[in-house]
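Here is a short report on one helix and its surroundings. Have a look at the structure before reading on.

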Amino acid sequence: MSLPDPAAPHGAPVLSRHDVAPPAPTVPAAVTEHPMTFTGTAGEYFRIWIVNVALTVVTLGVYLPWARVRTRQYFYGHTWVDGQNFEYRANPLALLRGYLLVGFLFAVYALSSNSERTIWISIVLALLYAALYPWVVRQSMRFQAVNTWHRGLNFHFLGTLKGSYFAYGLANVAAGVIGLLLPWAWHEQRKYQVQNLTYGQARGAFRGDVAPFFTFWITAVGIGVGSLLLIGVPLLALFFTSGSNPFEEDGFSTGLIVALGLGYVLFLLLSATSWQYVRGAIMKYVLNNAELGGVVRFRASFSPWRLAWIGVTNTLAQLLTLGLATPWAAMRRAKYVTEGITVRTITNLDEFASAGPGQESALGEAATELLDIQVGF
């Protein structure tokens, strides 16, 4: 029985706690999935690639920034999400200035290291590069992000210099001193990359843990140790049963030399497989644990082992064709990775608000390109 409520107006019905309607259940937001597609072809890209190579050689490398931009424009332009392709809008002239400066410093380093009188210059430049490495990586990420567009809106990278020196300075030094910390360094670097990426007003977030990075590393180490045992034990058995004396001239038999050569090649292939696996596994894990603004997530379904196989066989094809298979190899990998990614959203992709165009120096990007630094962006 309900007691009368003195605060209720005269004549109003009085409800007990048993009469109050329960709150309406929360309806989960609908998730829309947008599979990514890649429409590039090896034949089409071959024409761009061969022209880039020819003009870069003829111009003694001056055309390289234009070649880089044309290549990225092709790959971005053939990568599609929700009916819209990506765009790459970097200015080759801005890259050229950075290329010339980095190329000049690298030439000075190479020349000065060949003489005892000038070797101190190469030491100073090496120390300067080590000190500026985190800044170079951060600048490269900022340049790549601001020149990447989708649906008329560009990305930004807001990582601080302090954060870069922690992820790419302190973490790398710690991993170099204590090899067991390498997976932790990978984790810190990927977290720095994802959490500081923005698309419009939506900022990235990384929900991953460090433990899987150790799993990837242990797997790669296991492949390395296993390959050494797989190759080393038969070679040692062959050596001790061949009757050859390595300390005598012409002591090794031809068969043993061939076996050593084949074993070395096999070891390189297995090492490349383990490295390709680690790259693919980290990329898949990061994508599956990254989001933008709490409304965009990703699902990566490609296999790291399949990606490792593609990487190794691509390298072999390029070697056997003296580089002519490079466009085919690039298309093969890009298509497999891209079409193994799905963008999952709970909002329309057209609803992101712009955060402003912005401009970034191309010096860091030029350094990472010329020195082949893989920042994994």
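The model shown here is predicted. Start with a pair of helices: H5 and H6 run roughly antiparallel to each other, because their axes cross at roughly 170° and angles over 145 degrees count as roughly antiparallel. Those axes come within 9 Å.

Which residues make the contact? From H5 come Gly163, Ser164, Phe166, Ala167, Tyr168, Ala171, Asn172, Ala174 and Ala175. They meet Leu182, Trp184, Ala185, Glu188, Gln189, Arg190, Tyr192 and Gln193 of H6. By type, the residues of this contact divide as follows.

| Type of residue | Number in the H5 and H6 contact |
|---|---|
| Nonpolar | ten residues |
| Polar | five residues |
| Charged | two residues |

Now take H5 by itself. This helix covers residues 161-177, which makes 17 residues. At 1.5 Å a residue, H5 should span 24 Å. Its end C-alpha atoms lie 23 Å apart, which agrees. H5 also has a kink of about 25°, centred on Ala171.

Ala171 is buried as well. Also buried in H5 are Ser164, Ala167, Tyr168, Gly169 and Ala175. What covers the buried residues of H5? The cover includes helix H4 (119-146) and helix H6 (182-195).

Finally, step back to the whole protein. There are eleven helices and eleven strands. The protein has 377 residues, and 39% of them count as buried. Among contacts with a separation of 6 or more, 72% join residues 24 or more positions apart.

Terms used:
Residues are numbered from 1 along each chain as its sequence is written. This is a predicted model: local features need pLDDT of at least 70, side-chain atom pairs count only at pLDDT 80 or more; totals for chains, interfaces and linings use all residues. Side-chain values use heavy atoms; hydrogens and water are left out. Helices (H or I, at least four residues) and strands (E, at least two) are DSSP runs, numbered from the N terminus. The expected span of a helix is 1.5 Å times one less than its number of residues. The bend at a residue is the angle between axes fitted to the seven residues ending there and the seven starting there. Buried means under 20% relative accessible area, exposed over 50%, partly exposed in between (1.4 Å probe, protein chains only). Contact means heavy atoms within 4.5 Å. Axes are lines fitted to C-alpha atoms, for helices over the stretch in contact, and angles run from 0 to 180 degrees between N-to-C directions. Angles under 35 degrees count as roughly parallel, over 145 as roughly antiparallel, 65 to 115 as roughly perpendicular and the rest as oblique. Ala, Val, Leu, Ile, Met, Phe, Trp, Tyr, Cys and Pro count as nonpolar, Asp, Glu, Lys and Arg as charged, and the others, Gly among them, as polar.
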